[in-house]
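Here are a few notes to read with the model open beside you. Take them one at a time and find each piece on screen as you go.

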Amino acid sequence: MESLIPVIQKLQDVFQMAGLGKAPVDLPQLVVVGSQSAGKSSVLEKIVGRDFLPRGNTIVTRRPLVLQLINTNIHKLGGAEKKEWGEFLHRKGERMYSFDKIKREIVLETDRVSGSNCGVSSDPINLKIYSPRVLDLTLVDLPGITKVPVGDQPQDIEARIRTMAIHYISNPNSIIVAVSPANADMANSESLKLAREIDPDGHRTLGILTKIDLMDKGTNAWDMLNGKVIKLKHGYVGMVNRSQADIDRGKTVKQAISDETKFFRSHQAYRSISHKLGTNFLTMRLNNILVQHIKKVLPSMSTKISQQLQEKEHKLARLGVPVPPDDKGGVMLQILLKYSKAFADSIDGKLTNLTNNDLCGGSRISDIFHNLFARSLHRIQPFDDLSDHQIRTAILNATATKPSLFVTEDSFQLLVKRQIARLKTPSVQCSELVYDELRRIAAQCESLTPDLVRFPELKQRLSECTLDLIRTKLEPTKEMISNLINIELSYIKTTHPNFISSSKAMALAKSQAQAQGSSSRQKDLLATMSETFSTITMSGDDKLPDVPPVLRSQDISNYDKGMSETRIIKTLIQSYFNIVQKIIKDSVPKAVMHFLVHGCRNSIQGELVKRLYKADMFEDLMSEEPHMRKERDELVKVISVLRKAMKVLKVVQDI
């Protein structure tokens, strides 16, 4: 299981070398947090067994240090002469056998990025330590939390460091190593306070208590070490650090570890648990925690990397490969053909990615014909805005001075044409609705041609050409619909086989009159006419009365005959109007399909090629947006990193 840690270390190298702003997945790692004077550097140096970290009176660790420890015996590594060395990721392949040189390189690299004025940076330094005396570990040493800016430190130094620390410990796959001095009140521990913000239950936090030897006489850390004060899942480990005086006297890390062991074994409060204290136990404990944690999260991490790889590859496929300068015409032609095919397939109902929720394409056009247009046409009745009075007036006006024995055909034609003309408005509106639907289909086809997203200029010009084509096909369609109505108006074919004959119309009118009988209105009118006639006769005056300035049909005598003629005309109008209504209902959709729908469908490919496929336009139309090129480059980089990560993870598939 120890081989799991090197796998994570390789993943760290892969992600760091790629220069990604954020790793694609959260890697398991130990994150060391603590206040500036908590003794973090001493703990790390004792884990490594060597002096390699810069020291000073102010903040020294100003960039995260990703420290990877690799046991050369386990992994059969080593040099011909030296058995301990360090390698920086930014100086890959260069072994540094001098730990003083490693210390200087950390200072130089920190100043290079963060400057020399005590500023901080979240850009990490990656350092590998190869040694036969270390256990495989990966730790991230963060800058110490400071409360008050000192010297040239920025005024917001505390907020910067806290933000950096929260960024690292918020990784759900990290283990928080909270370093606190035992000779201070744990309730005021900055590291534990920060850890509890992110890990309130302490499930992924390990506590380290330093400076146990400096506690006041008569006090000890027994309660703290046993979780009596603040409980953590991984517990606490006590440490005895080198003091600055020890360092000045040249006390080595090896000597400090030996003295630490003697202190715990001889101290009355700690001797019973001395095997669970000190550097050696801490190193083994950290190794065990990290291995078990990696084992726990590795399957989900592998799944996440695989999913991200598929997503990124799919996104890259949508962006497409860069278009070679000599192949722009060919690529454009393929895009035009795909768009034209999508347009035709949408009308014909052959699209494979149809939605199951809404009608689209040709089905919506069919709904316009058989639902919207048909219902609108049926709502127009033969006698809308046509009263009996208007019909009778038309009959009388048509007879003029000639007394008529039968209903005149002129009045019938006049009235039926008036009603037929009312069919024109919904017929024209039908073509306009289909026009709008074709525009809708054109917009949908843009999304069905993903390559258009890459070339905004081509997309715009293609859209303009398509809309222009649809617009030009609309006018002849409207003209044809108008002609259909005009054809019906130009010749009223009373010999149509479905048209009711005159004799049948008269018989039907007679039966209606008999069924209704004489109305009170008829009687009142006759009485009024009789009274008027009697008055004229009794006056003895031979002078005729004046003609009224406005003469209405109901003012004319022979009312029964007028009503009979009106019924006959109405029967004829209804019969013929129904015939024409059916003709228009059938012929308008045919005209719209032929002139507008099929006109666009059959000519769109040729129109697009004719207007856009020109050599002098290739450069402008096939230019990608700068952000598209940038996004593709980033995707290529991420995919490369994820593939390398998958290759690294294959090593542990059988573990």
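1. Start with strand E1 and its neighbour E5 (residues 137-141): the two run parallel and are joined by three bridges. To find the spot, look for Val32, which sits opposite Asp141 in E5. Keep in mind that this is a predicted model.

2. E1 has another partner as well. With strand E6 (residues 174-181), E1 also pairs in the parallel sense, this time over six bridges. A handy landmark here is Leu30, which faces Ile175 in E6.

3. Is E1 buried or exposed? Six of the six residues in this strand (residues 29-34) are buried, so E1 is largely enclosed by the rest of the structure.

4. Now jump to helix H13 (residues 409-421). Its 13 residues reach 18 Å from the first C-alpha to the last, close to the 18 Å expected at 1.5 Å a residue.

5. Which residues of H13 are buried? They are Ser411, Phe412, Leu415, Val416, Gln419 and Ile420. Look down the axis of H13 and these buried residues fall within an arc of 160°, so they line one face of the helix.

6. The face pointing away from the buried side carries Asp410 and Leu414, and both are exposed.

Terms used:
Residues are numbered from 1 along each chain as its sequence is written. This is a predicted model: local features need pLDDT of at least 70, side-chain atom pairs count only at pLDDT 80 or more; totals for chains, interfaces and linings use all residues. Side-chain values use heavy atoms; hydrogens and water are left out. Buried means under 20% relative accessible area, exposed over 50%, partly exposed in between (1.4 Å probe, protein chains only). Helices (H or I, at least four residues) and strands (E, at least two) are DSSP runs, numbered from the N terminus. Two strands pair if DSSP finds at least two bridges between them. The expected span of a helix is 1.5 Å times one less than its number of residues. The arc is that of the directions from the helix axis to the C-beta atoms.
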